[in-house]
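Me: I'd like to learn how to read a helix and its salt bridges in a model like this one. Could you walk me through it?

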Amino acid sequence: MSTIPSPRNDGHPYQDPTRSVDERVEDLLSRMTLEEKAGLMFHDIASMEDEEYAPSGPGEPKVSAELADLIQHGSMSHFNLIDTADPREMAHWHNAVQEMAASTRLGIPVTLSTDPRNSFSDTMGASIQAGPFSAWPEAIGLAAIGDPELVFRFADTVRREYLSVGFRTALHPQIDLATEPRWSRQSGTFGSDAKLASELVRAYVHGLQGDTLGTESVAAMVKHFPGGGPQKDGEDPHFPHGKEQIYPGRMRDHHLEPFRAAIAAGCSQMMPYYGQPVGTDWEEVGFGFNKGVITGLLREELGFTGIVCTDWGLLNDAPIFGEMHEARAWGVEHLSVAGRAAKALDAGADQFGGEQCPEVIVELVETGRISEARVDASVRLLLREKFVLGLFDERRYADPDEAAETVGRADFKAAGAAAQRRSLTLLTDGPLPLAGRPRLYVENVDPAVAAEYGEVVTVPAEADLAVLRLRTPYEERPNKFESFFHSGSLAFPEEELARILSLLAAVPTLVCVNLERPAVLPEIAEHAAALIADYGASDGALLDVAFGRTKAEGKLPFELPRSMAAVEASRPDVPNDTDHPVFPHGAGIVL
């Protein structure tokens, strides 16, 4: 059995679990220096993989020298882990980080966070492939099923797996509405229906946090307030050419519906998006700097009382994959780093994501640009959550044995696999369900898996049926980071479309299209023997549905446009706004 260290206790009131949370927060706050308070206001990226490591004993997990410096000298205690490993190793690493934090002057524990890591996608800066964790369809696939009880079970499974390795904050759910067909982040949403998204986010938050936040909870950082869907031309505001957010359909309030539901469900944290609203009564600055949005709307109108953490990289230019990217300081590019930080704090932000410059906050207080009382207001919220989560007490450390038993547990994986099958959306059925053992020609399908269902042949002419898996098209972008954000045209290039149609003419073909965005596919829909949409599903899941071994229950979570001209003519803030779509929102056959 693994040995778990005991929580540190020097006899201070804040270390006494019998006292109230408020009492403990105020005692600890009174002992903190300005530098220690400033460190708490940054939530940076961390990795288990690094070339340089802090000293550790033989066989002990290695903590990077940079991370050790941020904890020991920068007083930082919130980190977003971006890689994965064996669950036991992850738990040991987490405990080594906590031991390092326990050795600091006040012993403030680390809060470890993560992007989604229970699905098939791997979008740098947005999500991580499941690896050892249970693999489910993307959030958009959960929306295709549309079952709040399933979403609760999913989020509860995520909670258990996260908790076992030490993750205490989920940088999700993402509840933007998928109203601009070209936008790259739609696979992480619950689709275009605000009512459904509201039902699902309530279940999601309760699955992660429980009825109230506590020692068995994972805090939900809901994003991206006030709804990141209405991006001009569908471009993403991670990049300067995508910074503008527009509302030509005057449906700004419609995008708030899921956030109202998340707040009512008790979500602990909220992340504003990068977008810069244009043509509204809001100031034309990014939402992380926008006082009318954070204080006026989120705090005062909607009554949110939790932590507001900015999206990553609002203050400093920084290299990503060796290429320099400017800070997402849209509308305030002219301000200094200190000026940007001051504006975000004045707007109501409590913490800066993806940054590590506490000295800037110290400078702002020492020069009188912001008061220490303003810093204290945010630090109280951040400390309170650590106490409520039990990080100062019994939940500071993870149990490596529990991690090994919990992450990727057989029943969790089975539930994820079942959800993959349920999420598949049958758009045209043709010869389905298939019978017997037909001769199968496959593309982008594992032949070994296909061989379990039929005789695999190597040329279409020998096949009774072809099975073709496709992905929604996108335009290649020049820099490495943006290449992960599939943007631009949704239509298949002429040469690729011609090749696909040639196969469809040669042999009856089951086409399965992964809809990370709503593909433009009228010709494919017309000529495919059968058409299925997936949102993250294995080859076995697809073929089980094709052969009638299980049912596809999915309904389209957004419409599929007829042409790019229809997409370009649609209004980015209006759900399902393209003219004469090939398949409407909600389409799907259940055999």
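Predicted model: local features only at pLDDT ≥ 70, side-chain atom pairs only at ≥ 80, totals over all residues.

Me: How many residues does helix 4 have, and what does it reach from its first C-alpha to its last?

Reply: Helix 4 covers residues 87-102, which is 16 residues. From first C-alpha to last, helix 4 reaches 22 Å, close to the 22 Å expected at 1.5 Å a residue. At the start of helix 4, a side-chain oxygen of Asp-86 comes to within 3.0 Å of the backbone nitrogen of Arg-88.

Me: Which residue forms a salt bridge with Arg-159?

Reply: A salt bridge pairs a side-chain nitrogen of Lys or Arg with a carboxyl oxygen of Asp or Glu, within 4 Å. Arg-159 pairs with Asp-156, their closest N and O atoms being 2.9 Å apart. The two are 3 residues apart in helix 6, so about one helical turn separates them. Arg-159 counts as buried at 15% relative accessibility, and Asp-156 is buried at 14%.

Me: Where do Arg-469 and Asp-534 lie in the chain?

Reply: Arg-469 and Asp-534 meet in a salt bridge of 3.3 Å, N to O. This pair links distant parts of the chain, with Arg-469 in strand 16 and Asp-534 in strand 18, 65 residues apart. Both Arg-469 and Asp-534 are buried.

Terms used:
Residues numbered from 1 in each chain as written. Heavy atoms only, no water. Helix = DSSP H or I, 4+ residues; strand = E, 2+ residues; numbered from the N terminus. Expected span 1.5 Å × (residues − 1). Polar contact = N/O pair within 3.5 Å; in protein donor to acceptor, adjacent residues only side chain to side chain. Buried < 20%, exposed > 50% of the residue type's maximum accessible area, 1.4 Å probe, protein only.
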